[in-house]
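The report below goes through one structural model, beginning with a single side chain and then widening to sheets, helix packing and the chain as a whole.

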Amino acid sequence: MNSVEPDVSVVLDCPPGTAAAALRDSVRSVLDQTLTATEAVLTGAGAAEAGAALTADHPRRVRTGAPRGTLVLPLAPGELLERNACRNLLAAARRTDADLIAGRWTRRTGHGTKDTKEHSPAWQRELYGRSRVVTDPAEAPELLVRDALTAGYAVRRPRWAEGGTGFDLALTARRTALVPNLITTRRPAPDPLGDLPAAAAAQRHALALLTDPALRAARARAFLTDHVVPCARAFLGAAPARRAELAAAYGPLLDGLIDEGALRDLETLERIAAALLADGDAPGVHTAAYALARPGTVVTAQVRHEGRAYWSAEHLHPSYDVDELGDEHRPLAGLKLLNRVTRCAREDGRLVVEGAVVLPPALRDTERTHVLTGSLELVARGSRARTVTVPLDDVRLREDTIAWRATVPLTTVLRPRGIGDRNHDPRLLLGIDGERLAPLDLFAEKAVVDTKATALPARPRLGRLTADTWQPYVTAGHHLAVCLLPRRRPARTANKLAHYATNFRPARVVKQRWKKLRKKFAALHSRRTKTSVYRHLLRRLPVSRGTVVFESHMGTCYGDSPRAVHEELVARRRGARVVWSYAEDPTGFPKDATLVRRWSWRYLWALARAEWWVDNQGFPHALDKPGHTTYLQTWHGSAYKRMGYDEIRHKMQNAPQREQLMRAVGRFDRFLVRSEHDVTTLARAYRIPEERLMRVGYPRNDRLVAARARDEREGRFPRPALAARLGIPDHRTIVLYAPTFRGTPKNKKARLLLDVRKFAERFGDTHTLLVRAHYMEAATLPVTPPGTVLDVSAHHDVSELLCLADVLVTDYSSIMFDYALLDRPLVHFAPDLDDYSAERGSYFDLRARAGGPVVDTQEELHAALARIKETDADWQEARRAFAAEFGAYDDGGAARAVVDALFTRKAGR
C-alpha cells in the first residue's frame, strides 16, 4: 500500500494520555474491514506513544502523518467501525458523487466496563431511514440541528484538508449522501455534567453560522433537550460541592444560549430545570431534578401571582410558571410531596430522623390552625412485606414546610427474620385536619446520612448469626433506607458458609433443575399449549345446551351490543346459562353471570362447550369455533376508515396472514348490520355472505333510540343518574370527547389531539368535559380545576355516556354514527383528517357528509362550541340525514330481534 493510495483513510486523533488498549481496539476494527484498501492514520500528541507498537506491527496499514485515501473517516480511540462501514461509505460516494457521506452510529448506555449495551439516538431513525442525497441542509435539518456528524461519516480528502467540524462540513457540502448503514459503534456514553461546556461551544459556533430562522430555532430546542435538560437531571446524583461548582460555572456558560421560544416549548419541569441551571441556582436545579425523576411530586412552596402559579416566591418570571401542573387542584390525598431528610443520627442507641415536607398548596395563604398528625412506617421489601409503625416525636407547621422528627429504636421494634427481609424503606404517614396524605418517601443525600455514625445493633428472629447490624443508607433512587448486615465476625463467617452452601456445585445443579421445572410448569400455561389442548381435546367435548359466552372489546368491558343482548336474553329467559369473559379486572361485570378470565383454562372450557358465542370484536383468532356453536358477531361500529381486505396493509400481507384473517371471519354465523352502508363496506371488506347478515341494527343503540324518544316526549331533564354519580350539576353543559384508535405503541399513553387544559381554561365555568379514550389505548390527563374534566375511559358502557352528553366531540371514530341517532350537536375535531384518510383510506368524504362542523384547530373547536346553540339548527337537517343513512335499521328493537331470531327459536320458545 505504500505505492498505491488507499480508498479510505481512517484518522484517529490521539491526545496525550490516550489508552493504548482503546487505540488498539479501534485500529483492529480498521484492519478487519471488508474493504482491504483501508489505512489507519494516527495523529495527535499521543500518537507516538500509544501507537508505536501498532505502527511497528502493521507498517503497511497503520502509520502517522497525513491521510492519503479518497475518503477520510474520523474515528476516536475506543470507537469501533462496523465491519462493512468503509465499503458502504465508498460505494455511496461513488454512486452519488457526494463529498460528504454519513450513516448511523451507536453509543454505550453506561460507563461501566461490563455495560456492553448500545443504542442510537431516536432522531437517527428519520435522518438515516433510507438512502438519499441532499443538496440543501434544509432537506435534512437534523444534520445541522443535532450532533449528527460527531461520528459515522466520511468526507473526500480535499474537503478534509480544509478543516472544520462535522457541522461545518454539513453546512458547506455540495452533495451529502445519507445511508441507513451502521458505521461507528461503541461510542462512549454521554456524560451530561461534563459534556455541557463542549456542547455550549459547539452551539455558539453553530448559531454564528446559521442564518435560517427555522434551523436556528430547531437548533436552540435541540440544545436544550439534548444537553441542558440532561445536565440538570444529572444534578440529582452529584455531591453538594460538585453541584455548587457546576452551577457557578454553567450559569455564565449558558448566557445567551437559552432561547426563550425554545424554553417555552419544553415541558413545564424541564423548562424550569433549564432556567434554574442558566441562573446558576444549584439548590434549585437539584430540587427540579428530583421533580423530573419523580413526576407528579410537589417539590417547592409554589405561590400564586396575578392569577398564575409559580415555582416559588423568588421565581415569578414566566419561565417559572407552573400553572400547567395543576398542583393546587389536586386533593390532599392525591398529593405527592417532597419529604427531605434534614438530619439522620444515632442518639442513645436509637435512630433519630428529622425532615421537612413541602407545604401543600391548600395550606398556603390560610390563617386557620391546622391539626397535624403523623408516624413513620418501615416497610420490608419483598412479596411478604411487613410493616412497623413508629409515632412521630414532633410535627409542626413552619413558614413553607411541615417539620417533623422521629426517634426509631431499630434494635427493639424492627425484628425481621434475617433472611429475605433485610431491606426496609421508611415512609412518612402524614395527616392534615384528619385527611391522610399518600405515604411519602424520605428523600436523602449521602452527605446527611453518615453510615459509620448511624449503625445500630440488630436482633433478627433467626439469630444474630444471620445479621447483627442495622445500617441506614441512601438508595440509588436517593431515598433513605435501612439494611440488615453481618458486621461482626460470627455473622460474617455464618454468611460466608451459607453462601458457599447455596453456591457450590451440587447446590447450583439443584437450582438449575428447579429453574427448568418452573419453566416447564410455566409452559403448561402458555397460550401455545392452551391453544393446542383446545384444538385437539376441548373442542371435541359435547355441547352445554343453553350456554352463551359473551365478550365485549376483547374482555375489556361489560358493554356495547353484547351487553344489550345479554340483558334482553336474561330478562326473557330465566335461568339462562351466561358466561362473560374479562381481560384483567372483573369489577363491573354482571354478578349473576359466570365470569372467566380471557385465555384462562375456564375460558377455553366455556368456549369449547358453549352453544352460542356473542362478541363485538373477535374471540382469539387461534381458537376455532366448535361445530355445535353458533357465533353471533355484533361488530363494534360502522366503517369510515377502510377495513379488512380493503386496507392497504392487508393487501400487502403474505398468504398465511390473509388466511388467518379469513379463518377468523369465517367463524361468524351471523353478522349484524345497521344500514346498507355496512353491507357495502364491512360485509364486503370481510367477505361475509349475504345469508349471514342480520339487518336489525345494533342492540347497543336501542338505548339511544329510546333516549331520543324520551327527549322529544319529556325533555332532557332530569338527567340520567350517571350525572349525579359523576358529580355533574344540571347547569353544566356536558361535552364528551371520544377520539378514535390511532395505534399507540404498547406501554405508552396516547397523546390526545385536544388540549384538555385549554378547554378547561376556556369553558371550565360552564362546561364539563368527559374524556373517553379508545378502549385499546389509555391517555394521561393534566390536572384541571375540579369538575371541569373527568376521565371516563374506564366506564364500561359508552352508550350511557352518549345518553348523558349534550355535545359530542370526536374525529372520525365510528361513535359519530351512533351519536347521530340522538339528534344532538356533534363536532368533528380532526386536525389529521386528511393525512389519516390518505394513509388508511376512507369510504366517503367526511367533510361533505358530516352531521356537524369539521374543524382543524383548537381555536375553531372553541368557536364552534361557544356558538353551538346558535348554529345547531343549521346542522339539524344534515345530522338527521346522516343518522338515516348510516342507522337505517336502528329502530330500537335490535336486541329483541336478535333474541327472537336466535335464542328463543333454538330453545323452542
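Which backbone oxygen lies 3.3 Å from a polar atom of the side chain of arginine 563? In this predicted model, the oxygen in question belongs to tyrosine 558. Arginine 563 has its place in helix 19, which covers residues 560–572, and this residue counts as buried because its relative accessibility is 14%, where the cut-off for buried is under 20%. When the neighbours within four places in sequence are left aside, arginine 563 is in contact with Tyr558, Trp580, Asp797 and Glu800.

The chain contains an open sheet of six strands, arranged in the order 36-35-34-37-38-39 and paired in the parallel sense. Its edges are formed by strand 36 (789–791) and strand 39 (854–855), each of which pairs on one side only. Helix 31 (residues 858–866) packs on this sheet and touches strand 37 (807–810), strand 38 (826–829) and strand 39, with a helix direction that makes about 175 degrees with that of strand 38.

Another open sheet has four strands in the order 15-16-20-19, and here the pairing is antiparallel. Strand 15 (339–347) and strand 19 (394–397) are the edge strands, each pairing on one side only, while the twist from one strand to the next averages 10 degrees.

| Strand pair | Sense | Bridges | Residue pair |
|---|---|---|---|
| Strand 35 (residues 767–771) and strand 36 | parallel | three | leucine 770 and leucine 790 |
| Strand 15 and strand 16 (residues 350–358) | antiparallel | eight | asparagine 339 and valine 357 |

**Helix packing**

Helix 8 (residues 192–209) and helix 10 (residues 240–253) pack with their axes 11 Å apart and at an angle of about 0 degrees. Angles under 35 degrees count as roughly parallel, and the two helices, helix 8 and helix 10, are therefore roughly parallel to each other. On the side of helix 8 the contact is made by Leu193, Gly194, Leu196, Pro197, Ala200 and Arg204, and on the side of helix 10 by Arg242, Leu246, Tyr250, Pro252 and Leu253. Sorted by class, the contact of helix 8 with helix 10 comprises eight nonpolar residues, one polar residue and two charged residues.

**The chain as a whole**

The protein chain has 33 helices and 39 strands, and its C-alpha atoms fill a box of roughly 95 × 80 × 70 Å when taken along the principal axes. Of the 909 residues in the chain, 51% are buried. Among contacts in the protein chain with a separation of 6 or more, 69% are accounted for by residues 24 or more positions apart.

Alanine 21 lies in helix 1 (residues 20–31), and because its relative accessibility is 38%, alanine 21 counts as partly exposed. Along the chain, alanine 21 and tryptophan 470 are 449 residues apart, and their C-alpha atoms are separated by 43 Å.

Conventions
Residues numbered from 1 in each chain as written. Heavy atoms only, no water. Axes fitted to C-alpha atoms, helices over the stretch in contact; angles between N-to-C directions. Parallel < 35°, antiparallel > 145°, perpendicular 65-115°, else oblique. Contact = heavy atoms within 4.5 Å. Nonpolar A, V, L, I, M, F, W, Y, C, P; charged D, E, K, R; others polar. Pairing = 2+ DSSP bridges. Buried < 20%, exposed > 50% of the residue type's maximum accessible area, 1.4 Å probe, protein only. Polar contact = N/O pair within 3.5 Å; in protein donor to acceptor, adjacent residues only side chain to side chain.
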